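Biologist: I have the sequence and the 3D view open side by side, and I would like to go through the contacts with you. Could you take me through them slowly?

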Amino acid sequence: MSDLYSELLVKKKQTTRDQITKYGLIVLTVLMFAGGLLLNILLFIPAIALCIADYFLIPKTDLEYEYLFINGDIDIDMVISRSKRKKVKSLKISEADLVAPINSHRLDYYNSNTKLKTYDYSSGDPEHKRYVMITRDDSGTCRVILEPDEDMAVAMRNCAPSKVFLD
């Protein structure tokens, strides 16, 4: 029997918040260093703190998500600035309640539930076809937003035809 396998890399679209964070931190850091040189040497202390914040926060504005689908298991990795990889979630299609496009009527019951925790591992672009997987995690039922390509969506459908809807 052949394995159902699909792999996909999805680049997260930079939001206005990401750009403000990135460029705002850079401008504040430069201003603090300039103030430390020109006005008061004590301004170097917040400048150094801002440098540390730059080091940790700016790379998180450039994200990619890698989906690896093998025989009903989906592993999602977050690639930060194309250099660091972090495993964020492992899902099983067999444990999912439902997988459907984000605007599907099949999700009406779950969309009315405000207590569902939402994990968004998509590009965030509303023009792309995104899917919602309703599944369980440690805290209960959750909503996971994915953006598989056509091949991965068909492989998911072949793995669990009664739970995955391509609408």
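Biologist: Let me start with the strands: which residue in β7 is the bridge partner of Val 99?

Modeller: Before anything else, please keep in mind that this is a predicted model. In that model, the bridge partner of Val 99 is Met 133, and Met 133 lies in strand β7.

Biologist: Is Met 133 buried or exposed?

Modeller: Met 133 is buried, because its relative accessible area is 0%, and buried here means under 20%.

Biologist: And how far is Met 133 from Leu 107 in space?

Modeller: From C-alpha to C-alpha, Met 133 and Leu 107 are 9.5 Å apart, while in the sequence they are separated by 26 residues.

Biologist: Back to the strands, then. How many bridges join β5 to β7, and do they run parallel or antiparallel?

Modeller: There are four bridges between β5 and β7, and the two strands run antiparallel. In general, the strands of a sheet pair through backbone hydrogen bonds, and the pairing can be either parallel or antiparallel.

Biologist: What is the strand order in the sheet they belong to?

Modeller: It is an open sheet of four strands in the order β5-β7-β8-β6, and its pairing is mixed. The edge strands are β5 and β6, the latter covering residues 117-120, and each of them pairs on one side only. From one strand to the next, the twist averages 25°.

Biologist: New topic: charges. How many salt bridges are there?

Modeller: The count comes to ten salt bridges. As a general point, side chains of opposite charge can pair when their charged atoms come close.

Biologist: Which residue does Asp 167 pair with, and how far apart are the closest atoms?

Modeller: Asp 167 forms a salt bridge with Arg 106, and the closest N and O atoms are 2.4 Å apart. Asp 167 lies in the segment after α4 (150-159) and Arg 106 in the loop between β5 (98-101) and α3 (108-111), so this pair ties together parts that are 61 residues apart in sequence. As for accessibility, Asp 167 is exposed at 54% relative accessible area, whereas Arg 106 is partly exposed at 31%.

Biologist: Which ring does the charged end of Arg 106 sit over?

Modeller: The charged end of Arg 106 sits over the ring of Phe 165, at 4.0 Å from the centre of that ring.

Biologist: Nice, and what does Arg 82 pair with?

Modeller: Arg 82 forms a salt bridge with Glu 64, and their closest N and O atoms are 3.6 Å apart. Arg 82 is in the loop between β3 (73-80) and β4 (84-92), while Glu 64 is in strand β2 (residues 63-70), so the pair links distant parts of the chain that are 18 residues apart. Arg 82 is exposed, with 60% relative accessible area, whereas Glu 64 is buried, with 11%.

Biologist: You mentioned Tyr 119. How do Tyr 119 and Tyr 121 sit as an aromatic pair?

Modeller: The count comes to five aromatic pairs, and one of them is Tyr 119 with Tyr 121, which is stacked, with 6.3 Å centre to centre and 5° between the planes. Both of these tyrosines, Tyr 119 and Tyr 121, are buried. Ring pairs also link Tyr 65, Tyr 119 and Tyr 121 into a cluster.

Terms used
Residues numbered from 1 in each chain as written. Predicted model: local features only at pLDDT ≥ 70, side-chain atom pairs only at ≥ 80, totals over all residues. Heavy atoms only, no water. Salt bridge = Lys/Arg side-chain N within 4 Å of Asp/Glu carboxyl O. Buried < 20%, exposed > 50% of the residue type's maximum accessible area, 1.4 Å probe, protein only. Pairing = 2+ DSSP bridges. Axes fitted to C-alpha atoms, helices over the stretch in contact; angles between N-to-C directions. Phe/Tyr/Trp six-rings, centres within 6.5 Å; stacked < 30°, edge-to-face > 60°. Lys NZ or Arg CZ within 6 Å of the ring centre and 35° of its normal.
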